[in-house]
Amino acid sequence: MGRRSSGLVGAWAEAQRREEMRRQAAHRAWQRDQREFERARVRGERAQQAAYRQGREAEARRRTEEIEARVAALGGLLVAGCAEPPFRPGALRQAEELEPFAPGALAQPVAMPDPARYQPQAGWGFGAQQRQAEARARFERDWQAAVAAEEQRQRQLAAYREQYDRWAAARRAEIRRHNAGIAELEAALGRGEPEAVVEYFSAALYAGAVWPEGFPRRVTAAFDAAGRRLVLDWELPRYEVVPAARAVRYVVSADEERETARPAGQRRGLYREVLAQCVLLVLRDVFAADAAGVLESVVVNGLVEDRDPATGRRARIVLASVMAGREAFSELLLEEVSAVDCLVTGLGGRLSARPDQGAAVAAGARPGDVGEGRLSLGEDDPDLLEMDPVAFEGLVAELFRARGMRAVTTQRSNDGGVDVEAVDPDPISGGRLVVQVKRYRGTVPPTAVRDLYGTVQSLGANKGILVTTSGFGPGSYAFAEGKPLTLIGGTELVGLLAEAGLPGRLGGRAGSGGATAGAGAATAGAGAGAGAA
């Protein structure tokens, strides 16, 4: 007869079965969590990859937009230039309005003590009279101190006012001398004096604010007084000014940005368009600035400094040339013309068919061939040690203009020891600069540096700059330490001139195609993106 189960084994087996089911359910839940985590990880990676790709594609679009904006600016150069107001001699004048007298805290009188605040505490008990005496003593002491402070304030205010009045009088006198010089320049311009004509129209060309960044701004000019003809050599931008790329795209498989090349014919055509616009804009700026009717015609030779394909040597290659009469030019609607057709057909000028390869055209009259003065366009830069002092001062003024400042040479008489006046427009580090120019062969003595510091103080300038063809001794540098003075020696000067694209050397020979200014002719230069003169 079989043995009956007590039920214990069945209960245990049922518990084991339920435990196994719980473990299986927990494992399935863990697997679901793992799959969800993996899906979330994949989604995150894909989102990161998409964001990365979008970022790279956005950068490629940004670069493409920059290229398109650059090309648009090149294509619209002439139209933008025609929208600028014409240059006038008044742009060179300085306003006599000065900063008003501002004494600051010295304008506030010293507050006198209030007697009501010095009353003793109420009461007629013991010590009341003593408390009254002490309060009266404190009041009188504070009153006398306030009176003394007010007298001191008034003395300081009077001294400050006197200092301001001296500065204001000196500044107004200086501004009037400057404006008198501009008036003299304007009168000489009306008389057709070659030096004044060249200086004025060179300033007009430098005042143009539409030239894109990277464009050279260097002019050599001469005036033929008999024919009322201004002759200019104007430096043109090189072929690299036109972007070689047409667009930029992001290649996912290679994870890199690749440029799509601009077709060679399109790039060459745009470059010819840019050159024609540059020449026409020079003509426009000159004729627009000639309110006095000094000029009958203007000759512009557009050059680039590049390697001559015929000789392999660096040379100044004429890529465009034109002579335009005032009457014929005034009939043009420059905002509507095709620049190339206008230059070649409308004005009968010459434009290189292959400027990208340095194919030159025949030049018109050159500055060295006309006028009472002559320009030497030989193989050497002018020797600064042999330059005429006035021409050397003019070259230093051009250097400051090339660095984005407004600069003019002073009158030869009564200049107060200042050869060049400049204004740096930088709102933080800029201000008014006075410049002395020393064409020395020996070391500049410390007395010259001390004299310059005195001039800076007397004129209220922000900084004084001493420029020389020689150098300075330890005494000069020691005196200038900690003062608003800058000393520029000959070697540094030549380096700064080279950076600005201006000619200049110290003895010996140099192989840059510089130019030397004579009577009735001038050479001026500015680096890329220079500010207005």
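Trainee: So helices (H or I, at least four residues) and strands (E, at least two) are DSSP runs, numbered from the N terminus. How many helices and strands does the protein have?

Mentor: The protein has 11 helices and 13 strands. Keep in mind that this is a predicted model: local features need pLDDT of at least 70, side-chain atom pairs count only at pLDDT 80 or more, and totals for chains, interfaces and linings use all residues. Residues are numbered from 1 along each chain as its sequence is written, and side-chain values use heavy atoms, without hydrogens and water.

Trainee: Okay! How much of the protein counts as buried?

Mentor: Of its 533 residues, 39% count as buried (under 20% relative accessible area; exposed is over 50%, partly exposed in between, with a 1.4 Å probe and protein chains only).

Trainee: And what share of the contacts comes from residues 24 or more positions apart?

Mentor: Such pairs account for 69% of the contacts with a separation of 6 or more. Contact here means heavy atoms within 4.5 Å.

Trainee: Let's look at helices. At what angle do helix 3 and helix 4 pack?

Mentor: Helix 3 (residues 128-190) and helix 4 (residues 194-206) pack at about 115 degrees, and their axes are 8 Å apart. The axes are lines fitted to C-alpha atoms, for helices over the stretch in contact, with angles from 0 to 180 degrees between N-to-C directions. Helix 3 and helix 4 are therefore roughly perpendicular to each other (65 to 115 degrees; under 35 is roughly parallel, over 145 roughly antiparallel and the rest oblique).

Trainee: Which residues make that contact of helix 3 and helix 4?

Mentor: From helix 3 come L185, A188 and L189, and from helix 4 come A196, V197, E199, Y200 and F201.

Trainee: What about helix 4 with helix 5, how far apart are the axes?

Mentor: Those axes are 9 Å apart, and the packing angle is about 125 degrees, so helix 4 and helix 5 are oblique to each other. On the helix 4 side, Y200, F201, A204 and L205 meet V282, D285, V286 and A289 of helix 5.

Trainee: F201 came up there. Which residues does L230 touch?

Mentor: F201 is one of them. Leaving aside neighbours within four places in sequence, L230 is in contact with V197, F201, A222, F223, V286, L295, S297, V298 and V299.

Trainee: And D290, is that buried or exposed?

Mentor: D290 is buried, with a relative accessible area of 4%. You'll find D290 in the loop between helix 5 and strand 5 (297-307). Apart from neighbours within four places in sequence, D290 contacts F201, L295 and R326.

Trainee: New topic: which residues of helix 7 are buried?

Mentor: In helix 7 (residues 339-346), the buried ones are A339, V340, C342 and L343. They pack against helix 5, strand 6 (314-325) and strand 7 (350-351).

Trainee: Last one! How do helix 8 and helix 11 cross?

Mentor: The axes of helix 8 (residues 389-402) and helix 11 (residues 490-499) come within 10 Å and cross at roughly 60 degrees. That makes helix 8 oblique to helix 11. F392, L395 and L399 of helix 8 make the contact with L493, L496 and L497 of helix 11.
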